[in-house]
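Please look at the sequence and the structure shown here. The paragraphs after them go from the contact of two chains to single residues.

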Amino acid sequence: MARRIVSVTTQTPTATADTTNLVDATYPFLLKGGSSTQINRIHEVSISGQAASSSSPTFMVLAFDSTVATGTNTNGTGQTDAPMDSSTAALSAAAITGNSNATTKPQRAATLHLMNCSLNAFGGVYFWRANKVDECVGVYGNTANIGEVSLSAFTGGTPGACGFHMVYESL
Amino acid sequence: MVFSKRELEGYLMIDHRDSPGLTREQVGTDALGPGKLYESATFTCSHCQTVVVINPRRTRERGYCPKCDHYICDACEAKRVQSGGACRTFRQMAEEFLEAQDKGKVLLPWHDVSSR
């Protein structure tokens with residue numbers, strides 16, 4: 001259908017253990033289906049370190065959530081979700097990508113990590129891109145355990161400021 | 001038409017050329033150390049969707065499922081061999097799940113995935 005880019009200009013993520021609430025605005029974004037039958041595919045993940053002065057090992061993980069977010073979902077400071085093509089029509093049930101949730105907070109699954117995106121935020125850059133649609137990570141529906149993924153910092157290290165973006169496509 | 005598995009490979013880049021990088025203690029390799037640029041091909045396991053960084057120095061056979069004709073991760077390869085060659089792709093499981101959702105059936109839990 002149409003690809004979109006969810007982006008965060010700058011954020012210092014908070015290291016959070018698996019199966020623990022991801023506190024609002026302490027992780028870059030999640031991606032949850034807009035309906036129980038919607039499929040989303042992740043094409044690209046990029047993290048650019050922005051820490052200004054000292055070594056900042058940042059252990060980012062893209063993973064399915066074992067508890068999905070509920071309640072009103074809103075974008076955090078500096079977060080945008082824009083279509084890659086300006087002629088993209090809005091979906092009636094758009095995927096959810098904000099990092100603040102009014103009711104239930106998302107929790108990263110302990111056994112369903114999809115991508116380890118570790119980098120040193122002091123000058124480091126992480127970039128991954130799938131080559132073909134078949135190789136994209138799929139998000140199916142909007143319920144646990146395969147209806148929501150989040151990008152968040154795992155425990156350890158000293159997370160530093162980063163800029164993030166992810167390209168996804170809602171089918 | 002000749003088809004190569006390499007055509008499916010994704011691209012990973014971790015650039016620490018101007019960074020202290022990550023230590024062997026942190027990530028189990030020196031490849032992400034200070035001043036290093038790491039580039040690698042990746043594949044997405046068709047059985048669990050984990051993105052796997054292809055190790056060019058690997059000498060062991062890579063996990064491969066002949067039924068879905070796709071590389072799979074080591075954990076899924078162990079399960080596949082243990083089961084006598086069973087193949088159930090992540091996409092199949094997900095589509096069954098969505099179909100059940102669409103028909104209003106309750107399908108709990110998602111044990112096939114979460115127990116891997």
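In which sense do strand E9 of chain A and strand E1 (residues 10–16) of chain B pair, and over how many bridges? E9(A) and E1(B) pair in the antiparallel sense, over five bridges. Two strands pair if DSSP finds at least two bridges between them. Within this pairing, A:Val125 stands opposite B:Asp15 of E1(B). Strands of a sheet pair through backbone hydrogen bonds, either parallel or antiparallel.

This is a predicted model, in which local features need pLDDT of at least 70 and side-chain atom pairs count only at pLDDT 80 or more, while totals for chains, interfaces and linings use all residues. Residues are numbered from 1 along each chain as its sequence is written, and chains are lettered from A and ligands numbered from 1 in the order in which they are written.

For the complex, the predictor gives an ipTM of 0.92 and a pTM of 0.90.

E8(A) also belongs to a sheet in chain A. This open sheet of four strands has the order E2-E11-E4-E8, with antiparallel pairing. E2 and E8 of chain A are the edge strands, each pairing on one side only. On average, neighbouring strands of the sheet are turned by 20° against each other, direction ignored; the strand axes are lines fitted to C-alpha atoms.

A:Leu30 stands opposite A:Ser150 in E11(A), and the bridge partner of A:Phe29 is A:Leu151. In a regular strand the side chains alternate between the two faces of the sheet. In E2(A), A:Phe29 and A:Leu31 point one way, A:Leu30 and A:Lys32 point the other way, and all are buried. A residue is buried if 20 or more other C-beta atoms lie within 10 Å of its own, exposed if 12 or fewer, and partly exposed in between, with C-beta atoms placed from the backbone.

A:Ala89 counts as exposed because it has 8 C-beta neighbours inside 10 Å. A:Leu171 lies in the segment after strand E12 (162–170) of chain A and, with 13 C-beta neighbours inside 10 Å, counts as partly exposed. A:Leu171 and A:Arg3 are 168 residues apart in sequence, and their C-alpha atoms are 9.3 Å apart in space.

Most residues other than glycine have a negative phi, and most peptide bonds are trans. A cis peptide bond, with omega about 5°, joins A:Ala144 and A:Asn145; A:Asn145 lies in the loop between E10 and E11 of chain A. In chain B, B:Gln49 has a positive phi near 75° and lies in the loop between strand E2 (36–44) and strand E3 (51–53) of chain B. Is B:Gln49 buried or exposed? B:Gln49 counts as buried because it has 26 C-beta neighbours inside 10 Å. B:Asp69 also has a positive phi, about 55°, but B:Asp69 is exposed, with 11 other C-beta atoms within 10 Å.

Chain B as a whole has four helices and five strands, which run β-α-β-β-β-β-α-α-α from the N terminus on. Of its 116 residues, 29% count as buried. The mean pLDDT of chain B is 86, and 88% of its residues reach 70 or more; pLDDT is the predictor's confidence in each residue, from 0 to 100. Among the elements of chain B, E1(B) has the highest mean pLDDT (96) and helix H4 (residues 111–114) the lowest (48). Where pLDDT is low, the predicted coordinates should not be read in detail.

Notes
Helix = DSSP H or I, 4+ residues; strand = E, 2+ residues; numbered from the N terminus. Axes fitted to C-alpha atoms, helices over the stretch in contact; angles between N-to-C directions.
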